[in-house]
Amino acid sequence: MAYGEAYTRALGILYHLQALGAQRGDKMIIFLTDNEQFLDGFWAAVCGGIVPVPLAVGISDEHRHKLLRVARKLGKPILYTDAKNLERLAALAAQVGETELFADLKSRSFLVESITDISRPGKLFRPAADDLAFIQFSSGSTSEPKA
């Protein structure tokens, strides 16, 4: 993919994120297996001053449980994912007694399947040198994940 195409796609997705209320400084967990969708969401967030928080989907419930722990640490993050991963997350949340946390997170979820038109660009944010670019969490395999 050429830079111009990636930039256009990022701004088109940013438009939808901003239309849903995403603002500069918001944290956005990206929870996707598809690399192209991941990159689209990552750059859309960066372009809008939204702080991307990439998390590995993985193959076990532990990765979904980590997402719930990270969401709690972040406060009120946006969740950028797909319907399949959101469904799996709902099932795990029910198993581990986190239905309230999940319901709150679901209310701020943005599903990649909802993107049908990226022709309108979102509002580009010009960052300051000390603005937060993204948050990377530790694995959390032996303790709570650390940013």
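Is Arg24 buried or exposed in terms of relative accessible area? Arg24 is exposed, at a relative accessible area of 53%; the classes are buried under 20% relative accessible area, exposed over 50% and partly exposed in between, with a 1.4 Å probe and protein chains only. The structure is a predicted model, in which local features need pLDDT of at least 70 and side-chain atom pairs count only at pLDDT 80 or more, whereas totals for chains, interfaces and linings use all residues. Residues are numbered from 1 along each chain as its sequence is written, and side-chain values use heavy atoms, with hydrogens and water left out.

Side chains of opposite charge can pair when their charged atoms come close. A salt bridge is taken as a side-chain nitrogen of Lys or Arg within 4 Å of a carboxyl oxygen of Asp or Glu. Eight salt bridges are counted by this rule. One of them joins the side chains of Arg24 and Asp131, with an N to O distance of 3.5 Å. Arg24 is placed in the loop between helix H1 (3-19) and strand E1 (27-31) and Asp131 in the segment after strand E4 (109-111), so the pair ties together parts that are 107 residues apart in sequence. Helices (H or I, at least four residues) and strands (E, at least two) are DSSP runs, numbered from the N terminus. Asp131 is partly exposed, with a relative accessible area of 27%.

A salt bridge is also formed by Asp104 and Lys76, whose closest N and O atoms are 3.0 Å apart. Asp104 belongs to helix H5 (residues 99-106) and Lys76 to the loop between helix H3 (61-74) and strand E3 (78-81), so this pair ties together parts that are 28 residues apart in sequence. Asp104 is partly exposed at 24% relative accessibility, and Lys76 is exposed at 56%. The side chain of Asp104 also meets that of Arg108 in a salt bridge (3.0 Å, N to O). Elsewhere, a network of salt bridges links Arg9, Glu36 and Asp40.

Helix H1 contains 17 residues and spans 24 Å from its first C-alpha to its last, close to the 24 Å expected at 1.5 Å a residue. The expected span is 1.5 Å times one less than the number of residues in the helix. Buried positions in H1 are Ala10, Leu11, Gly12, Ile13, Leu14, His16 and Leu17. These buried residues pack against E1, H2, E3 and E4, where contact means heavy atoms within 4.5 Å. Gly21 follows H1 and has a positive phi, near 105°.

The largest pocket holds about 200 Å³ of space. On a 1 Å grid over the protein atoms alone, a pocket is an open set of points, where a 1.4 Å probe fits, with protein on both sides within 12 Å along at least five of seven lines; lining residues have an atom within 4 Å of a point. Grid points are joined across faces, edges and corners, and the volume is the space filled by probe spheres set on the points. The lining comprises 14 residues, of which Phe125, Pro127, Asp131, Leu132 and Ala133 lie nearest the pocket centre. Helix H2 (residues 35-48) gives the most to this lining, with three residues. By class, the lining has ten nonpolar, two polar and two charged residues; Ala, Val, Leu, Ile, Met, Phe, Trp, Tyr, Cys and Pro count as nonpolar, Asp, Glu, Lys and Arg as charged, and the others, Gly among them, as polar.

Ala83 is partly exposed at 34% relative accessibility and, with residues up to four places away in sequence not counted, touches Leu111 and Glu113. Asn85, also in helix H4, is buried, with a relative accessible area of 3%. Apart from neighbours within four places in sequence, Asn85 is in contact with Phe31, Leu32, Thr33 and Val57.

In the segment after E4, Pro145 is buried at a relative accessible area of 0%. The C-alpha atoms of Pro145 and Lys73 are separated by 9.0 Å, at 72 residues apart along the chain. Ala147, likewise in the segment after E4, is exposed at 74%. Ala147 touches Ile135, Gln136 and Phe137, residues up to four places away in sequence being left out.
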